[in-house]
Amino acid sequence: MTPPTSWTFLWRLPGQSGLVGVMAAQEMRKRYAGTLGGFAWTVLHPLMLIVIYWLVFSVGLRVPPAGNVPFVIGFLCGMIPWLMFAETLNACTSAIAANAYLVKKTVFPTEILPVVHLAAGMATHVIMLAVLAVLMVVYGVGFSLWNVQFLYYLLAMSVLCIGLGWILSALNVFYRDIGQVLAIAINMWFWLTPIVWPLAMLPGKFQAFVRLNPMIYIVQGYRDSFIEHVPLWQNWQGGAYFWILAAAVFMFGGRLFGRLKGDFAEAI
Amino acid sequence: MNDDIAISVQDVSKAYRLYAAPKDRLVEWLHPFRRKLHREFWALRNVSFDVPRGATVGIIGRNGSGKSTLLELLCSVLRPTSGAVCVKGRVAPLLALGAGFNPDFTGRDNVSFQCRVLGLPEGEIRRLLPQIEAFADIGQFFEQPIKTYSSGMFVRLAFAAAIHVAPDILIIDEVLAVGDAGFQRKCYQKVLDFQAAGKTILLVSHDLSAIVGHCSRAILLDGGRVICDGDPNDVTNVYLEMLSGGRAGQDGAGVAAAPAPIGLATDEAFIRDVPGEDRCARRASYNPGEHRYGDGRAGIVDYLIECGGRQDPAVVDSGATIVLHVKTTYCQDVGAPMFGFSVKTVDGVVLYGTNSLLQNVRIPPARAGQTLVVKFSFTLPLNVHDVFIDLGAADAVGGGVGDSIPLDRRYDVIHLGVVGRENCSGLYSCGAAFEEVARIGPPDAAPGAEG
C-alpha cells in the first residue's frame, strides 16, 4: 500500500469538514476554558501585542510610514496575516502530541489538524480585520473593491501554512526539539519580514535576499489590497515565486506526513 | 479474500523498535550504511487466524500477551511489521472506552465529536444522539462537562456511544465488567442484538465467564503467539491451567503437557518421602506470590492435591472431591500441633476456612525431627474461576483457636483454577433444578389467535 500524499489528504477533506468545524470550535474553547475572559482573550492578546509594537515603533522610534497612510495601518496589514501564520504553525507543531489519545486509541485523520488550527485562527483573523476596518475609518483611509483581494492572499498563505504544518507536526512527534527550534525561527522570521519596518527602508543590495522570504508576498499583498489598491497580477513574479515554493512545501509536507503517519501511534 | 470472512490475519508479526536515545532514530535514518541502533521487541509473532462474518470471538491472554497490539492492528491504529491484516467492513476502533473524551466538554459534545471522528454523517448523528442519551441513562448529566461524572457514568456514556455508532465489526476491550449489574445486563443485551444482526464481534476480557457465555470461539495469546484457538470452554481451561500453573512460559511451550512429575506417582510415595527442602514451589498449583510467616519451629514443606484421579492438577472441576495432603516438618517439639486451611476468592473473600481444632481433632505432641502428614478432603462447588488457598500449621498452646501460635502460615500458597459446569451467577454453585409445576387460571391463548 502506497502511503497517502497531499492529494489524498486534499481529496478527503470535504468529507471531514464537519469534523474540522467541530474541532476548530473545540480548539478555541479549549484555549480559554476556565478563564473569566473567555473568547475576549482571543482578541485582547493580539490587540495588546499590536498596541505595544505600535507604541514602540511609531511613537517611540518614529519609524516612518510606508506610504501616505499612518504607520499603524501599514503595520496592521502586515501583522494580521503574520499573527495567523505564526499562531497556526505554533499550534500545528504540538497538535499531534496534544491529541495523543485520539491517535493511539482511534483511527483519527491526523492530517486535518493543520486545517483545524487554520480554521480556529480564522475567528481571530476576522476580528482583527474588523479592528483594521475601524482604524481605516478613523484615519480616513478609503475602502475599495480591491480590498477583497486579501482573500486570495489568505488562501495562498493557507496553502503554505498547511504544508509547513504537516512537516512540523509530523517531525515533532519524533523530535520534540522542533517546538523549541520553531519558537526561535518564528521570532527571526518575524524580523526578517517587513512588518514593523517598511521594505523601502532596506538598501537595494539586501532587497533581493530578503525577497526570498515567501511571507513578503503575503504581507505586501495585504498592503496592496488595503492601502495601495494594486491588483495582484501586477506582482506576477512574486506570485510565481511564492506559488512554486508553496506548492513544493505542500507536496513535500503531504508526502512526509503520509510516510510518517503510520508510526505516530507508536512514537507518541 | 472470501466474502464470508470479516477479519483475516495472515502471519502477522509486530515489532516495536526501542531506541536507547531519541537521537538514535535520527542517526539510523541518516546513517549511510543503515546501521541498526534499535532493539526490537516482538509483541506478536506469526499470528494467523480468520474470523467469519457474524462470529463472536473472544481473545484472552495474560497482561502483555499481545492482545492490545492485536486489536490496534485490527483497527489499523498500528501497522504490522510483517504479514497482512485484512478487515472487511467498518470497525468501531474504540480500544479504550471514552478514550477520545475531553473532560471539559459536555456528554453531548463528546458523543457527537466521537461520531464525527468515526465519519458519521450529520443526519445520522442527529438521529443517534437521543438513542445514546436514552441508553446511557445518566439524566441531566448528559449536558454537564464530563469531568463532573462519576466513573460509572463515564463508562455508561462511553459504552452507549460506542455501541450505537458501532458498524459492522465491534471490538470490545475489557469493558463489560463495569457499571452496575443492571447496566451490564443492558450491555450484554445489546451484544446479543448485534449477534442476532449477524455482526462480527471481538471480545477481549479477563472475565472468562463472559467469554464462555458469549463467544462461539476463543483465541488464547501468550508471548505474542496464538497458543490455542477453538471452543471457548477448552481454550479458557488451557488459559486457567496456564495462569495457575504458570506452565506456559513466555516461549509458549508446554501448555498441553501433563502435570510435571516430581518423582512421586502415588499417595503412598508422597507420604513416605521426607524432603530435605521446601517442595511446594514445585507443585503445579503453587503461587509464587504467596505470603509466608510463622515462628519457624515447623515448616510446611510440601502439599499434594488430588482430584478426579489426577495428581497435582492446576485446575479442578467445580464440585469434585478434592484431597489435600499437607506435610510439615518440625524443628522443635510442639505441644499441640494444629493444621488449617482456607479458601479465598481473587478479591480475598474467604469462602471457607477450617482447622483441626474446629474439626474436633486433637493431635498428639510432635517431636523435633518428626514430619507429620495430614489430609483434608473437601469439595469446591463454586462458580468462580480462581481460588487461592492458605495453609497453616500452628501450636494450639491455650487449647483454643484464638490463642494459637503460628508455626508456619502460607497465605495464598495454592492458586487453583475452578471449572464450573453450571450456568449461574454468584460465587456458589448449588446446582438448582427448575421446572414449571402447574398453571392455574384461564387457558393459554392459541398460537396466532390474537391480532
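So, chain A: this predicted model gives it 13 helices and zero strands. Helices here are DSSP runs of H or I with at least four residues, strands are runs of E with at least two, and both are numbered from the N terminus. Of the 268 residues in chain A, 37% count as buried, where buried takes 20 or more other C-beta atoms within 10 Å of a residue's own, C-beta atoms being placed from the backbone.

Quick word on the model. It's predicted, so local features need pLDDT of at least 70 and side-chain atom pairs count only at pLDDT 80 or more, while totals for chains, interfaces and linings use all residues. Residues are numbered from 1 along each chain as its sequence is written, with chains lettered from A and ligands numbered from 1 in the order in which they are written.

Okay, let's look at one helix pair. In chain A, the axes of helix 8 (residues 150-174) and helix 12 (residues 236-261) come within 8 Å and cross at roughly 30 degrees; axes are lines fitted to C-alpha atoms over the stretch in contact, with angles from 0 to 180 degrees between N-to-C directions. Angles under 35 degrees count as roughly parallel, so helix 8 and helix 12 of chain A are roughly parallel to each other.

Who's touching? Among the contact residues are Trp166(A) of helix 8 and Phe250(A) of helix 12, contact meaning C-beta atoms, placed from the backbone, within 7 Å.

Last stop, chain B. In helix 2 (residues 67-74), eight of its eight residues are buried, including Lys67(B) and Glu72(B). After helix 2 of chain B comes Ser76(B), with a positive phi near 55 degrees.

Technical notes
Buried ≥ 20, exposed ≤ 12 C-beta atoms within 10 Å, placed from the backbone. Parallel < 35°, antiparallel > 145°, perpendicular 65-115°, else oblique. Contact = placed C-beta atoms within 7 Å.
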